[in-house]
Protein chains: 2
Amino acid sequence: MTDNVLSFTKDVFDGVTVKSTVSFEKDFENTVPNTELATKWLETSIEFWKNQHYNGVWFEVDLKHIYWVPILAQHGFTFHRARDELCVMIRWLPEDKPNTLPLYPFTSVGVGGVVVNKKGEVLLMREKRGSYLGWKFPGGLADPGERISEAVKREVLEETGIKAEFKNVITFRHITQSLYEKSCDLYFLCYMTPVNEDDITIVKCERETADAKWVSREDILKLSESGEIHHFHMIILDRLDKLLQSGRNGCYQEQFSFKAGSSTRQWDMYFVD
Amino acid sequence: MTDNVLSFTKDVFDGVTVKSTVSFEKDFENTVPNTELATKWLETSIEFWKNQHYNGVWFEVDLKHIYWVPILAQHGFTFHRARDELCVMIRWLPEDKPNTLPLYPFTSVGVGGVVVNKKGEVLLMREKRGSYLGWKFPGGLADPGERISEAVKREVLEETGIKAEFKNVITFRHITQSLYEKSCDLYFLCYMTPVNEDDITIVKCERETADAKWVSREDILKLSESGEIHHFHMIILDRLDKLLQSGRNGCYQEQFSFKAGSSTRQWDMYFVD
């Protein structure tokens, strides 16, 4: 390490990571550095990393140290990803090798609950706002760290007040051009049944749900004929019927503990039976 | 519209979107505005949007107009997402309603190709860099806009030189804590066969691939016993055997054209048979 090089850590891909939180504490002795000083340290650091043949630089800027962002942009950094109070900018260093830094995450995971009660009625709802205001299965986006089966239970409960049990994934959909520019969308349709068949009273979410009801198959067909429900839902219900008639498990979730190096992680595996 | 309000568009969720590219052209008459002027316009705009009962503000900052970022951060904006030359910051306006802005995308889609030739040998490779350096199925991350079947074909070809055909998804894995903080990982294992069984010569990628070879089931078992391949791969191969013995289609991809409003979009549906 030489003088005036920002504190960094190395990764297994010959890259370096700088955190603005660490740099403030270690390199600037807890004082708020001025733009000139930060620029000087950054330029010295880039030169040092180049000489040491590092590939990529990952610079994590905390919202508290936001003034780093324009400085980094002026020094060839682009955005990798950002969320809440964190923005990560990257720069590829070698001039003779192609940039192999992994792309930003761009996929949203959505879940839809196809909840069927013992009378064979399906739980449908209509959103208050959005681009599609017809009838649909309750559902929404998974949160970070949330399992598909948990996300769909939470969304169904939030939107309709119904507690339902996850059975399996009936089918999933991949839209390669989605919500935001350059974003993708994976949507998992899950077969569910009410936890308590004797208490299936709907309680709408005042904020999100315009309407919700249990609908018989006959009435869903009528909604389809009058254009009040998108044909997509009919395809899903057909698939569900096929699966239930086959007596197979479908695409079900199993939780595994996997050892990777010294750490153990929980993974969900989806097996197709 | 009043004076000194930044150009914006409305969305169906009662939100407004400001683009730095548009604001520069329309509001600042192509001159580079100073921080003071931008701050004044922003404060006037926030007041105006609040009075009009808008919910969320989406501010898209182009790398060319990067100096907006610190100004926005100082005015209660946080990061929604960022990539390449675009950074999107958001602010929720109502003080009496919970923030319902959708979260940033946080899921990476990975693909692995389980390529089996007519002799029953499986295509395996080892990475040059990374946290796992044992034998594995070739694969990698999907690009934005890329279908799962296309991504897996591209990755297998890049890493091993083998042209292979996508058959179906054998199984998929969901890791809810992944590569980056607060990120998730969906990994689709795809059954594939060589396009041309008479030409299955491996050509390694110099940049990424340490080694690659066709391995018999007997030898994979030996690799597993000596700890040179993670047990995960054995689970996948067991599932593949089960699927092939059943004679079923597994989880296969079908492309649909869906009409949503006035636009038609291509979707991939994955059906489980």
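Me: What counts as a disulfide here?
Reply: A pair of cysteine sulfur atoms within 2.5 Å. By this rule the count over all chains is 0. The model is predicted, so local features need pLDDT of at least 70, side-chain atom pairs count only at pLDDT 80 or more, and totals for chains, interfaces and linings use all residues. Side-chain values use heavy atoms, without hydrogens and water.

Me: How far from C251(A) is the nearest cysteine sulfur?
Reply: 5.9 Å away, and it belongs to C251(B). C251(A) is in no disulfide.

Me: Is C251(A) buried or exposed?
Reply: Buried, at a relative accessible area of 0%. Buried means under 20% relative accessible area, exposed over 50%, partly exposed in between (1.4 Å probe, protein chains only).

Me: Switching to packing. Which residues touch the most other members of the largest nonpolar core?
Reply: W49(A), W68(A), W49(B) and W68(B), in a core of 62 residues. Such a core is a set of buried Ala, Val, Leu, Ile, Met, Phe, Trp, Tyr and Cys residues joined through side-chain atoms within 4.5 Å.

Me: And what else is there apart from that core?
Reply: Another core, of 46 residues, including A142(A) and F188(B).

Me: Now the sheet in chain A. What is the strand order?
Reply: β1-β2-β3-β5-β4, open, with mixed pairing. Strands are DSSP runs (E, at least two residues), numbered from the N terminus. Two strands pair if DSSP finds at least two bridges between them.

Me: Why do β1 and β4 of chain A each have a side without a neighbour?
Reply: Both stand at the edges, each with a single partner strand, so one side of each is left without a neighbour in the sheet.

Me: How do β4(A) and β5 of chain A pair?
Reply: Antiparallel, over 5 bridges. R83(A) stands opposite L86(A).

Note on methods:
Residues are numbered from 1 along each chain as its sequence is written. Chains are lettered from A and ligands numbered from 1 in the order in which they are written. Helices (H or I, at least four residues) and strands (E, at least two) are DSSP runs, numbered from the N terminus.
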